[in-house]
Amino acid sequence: MMIRPLRPRTFPCFALCAGLTVRPDGRVLACMCRDREEGSDLCLGDTARVSLQEAWHSGAMQRLRQRFVDGDLPGICRECRHYSPAASHLLAPPPSHGVPPGQ
Ligand code: SF4
């Protein structure tokens, strides 16, 4: 079995730029993947107290992204195999959909 080496994590994770996760109990999570504990770094609140717009633009969400840039990412993100740098998605050329450039 081949084990993939972990990528350097100097860009915010794509998951923090893609959307929020709302659990059936109303908890709002910054990431869709695995951190489900109450009070975790990735838990942004509860839909009974915070709107999705407030959660998305919250200082907590901005700090999460900034923590990657600062090299102080949450513990759960240090070993996460789902990490993908946001920059690689943001800088990728848009799909051509079969239309030649300039048409
Ligand atoms: S590194 Fe993993 S746990 Fe952290 S935000 Fe990305 S997908 Fe979520």
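Predicted model: local features only at pLDDT ≥ 70, side-chain atom pairs only at ≥ 80, totals over all residues.
Residue numbers start from 1 along each chain as its sequence is written.

**Overall fold**

The chain's secondary structure comes to five helices and three strands. Helices here are DSSP runs of H or I with at least four residues, strands are runs of E with at least two, and both are numbered from the N terminus. Going along the sequence, you get the pattern α-β-β-β-α-α-α-α. Of the 103 residues, 16% count as buried. That label takes 20 or more other C-beta atoms within 10 Å of the residue's own; 12 or fewer makes a residue exposed, anything in between is partly exposed, and the C-beta atoms are placed from the backbone. If you look at contacts between residues at least 6 apart in sequence, 51% of them join residues at least 24 apart. A contact means that two C-beta atoms, placed from the backbone, lie within 7 Å.

**The sheet**

The three strands make an open sheet in the order β1-β2-β3, with antiparallel pairing. Its edge strands are β1 (21-22) and β3 (43-46), each of which pairs on one side only. Pairing requires at least two DSSP bridges between the strands. Two bridges join β1 to β2 (residues 27-29), and these two strands run antiparallel. Across that pair, Val-22 stands opposite Val-28 in β2.

Asp-46 sits in β3 and counts as partly exposed, because it has 15 C-beta neighbours inside 10 Å. Leaving out neighbours within four places in sequence, Asp-46 is in contact with Gly-26, Arg-27 and Val-28. Asp-25, in the loop between β1 and β2, has 10 C-beta neighbours inside 10 Å and therefore counts as exposed.

**Helix α3**

After α3 comes Gly-71, whose phi is positive, near 75°.

Arg-67 lies in α3 and is partly exposed, since 17 C-beta neighbours fall inside 10 Å. Not counting residues up to four places away in sequence, Arg-67 touches Asp-72, Leu-73 and Pro-74.

**Core and ligand shell**

The largest nonpolar core has 15 residues, and those with the most contacts inside it are Cys-13, Leu-29, Ala-30, Cys-31, Leu-42 and Leu-44. Such a core is a set of buried Ala, Val, Leu, Ile, Met, Phe, Trp, Tyr and Cys residues joined through C-beta atoms within 7 Å. β2, β3 and α3 each supply at least two residues of this core. In soluble globular proteins, nonpolar side chains tend to be buried together.

Cys-13 also turns up around the ligand: of the twelve residues there, Cys-13, Ala-15, Cys-31, Cys-77 and Cys-80 come nearest. A residue is near if its C-beta atom, placed from the backbone, lies within 6 Å of the molecule. Both α1 (15-18) and α4 (75-78) give two or more residues to this shell. By class, the shell has nine nonpolar, one polar and two charged residues. Ala, Val, Leu, Ile, Met, Phe, Trp, Tyr, Cys and Pro count as nonpolar, Asp, Glu, Lys and Arg as charged, and the others, Gly among them, as polar. Sequence neighbours within four places aside, Cys-13 is in contact with Phe-68, Cys-77, Tyr-83, Ser-84 and Ala-86.

Leu-16 is in α1; 19 other C-beta atoms lie within 10 Å, so this residue is partly exposed. With neighbours within four places again left aside, Leu-16 is in contact with Ala-30, Cys-31, Leu-64 and Arg-65.

**Pairs apart in sequence**

Some C-alpha separations for the residues discussed above:

| Pair | Apart along the chain | C-alpha separation |
|---|---|---|
| Leu-16 and Trp-56 | 40 residues | 9.3 Å |
| Asp-46 and Val-22 | 24 residues | 8.6 Å |
| Asp-25 and Thr-47 | 22 residues | 8.9 Å |
| Arg-67 and Thr-10 | 57 residues | 9.1 Å |
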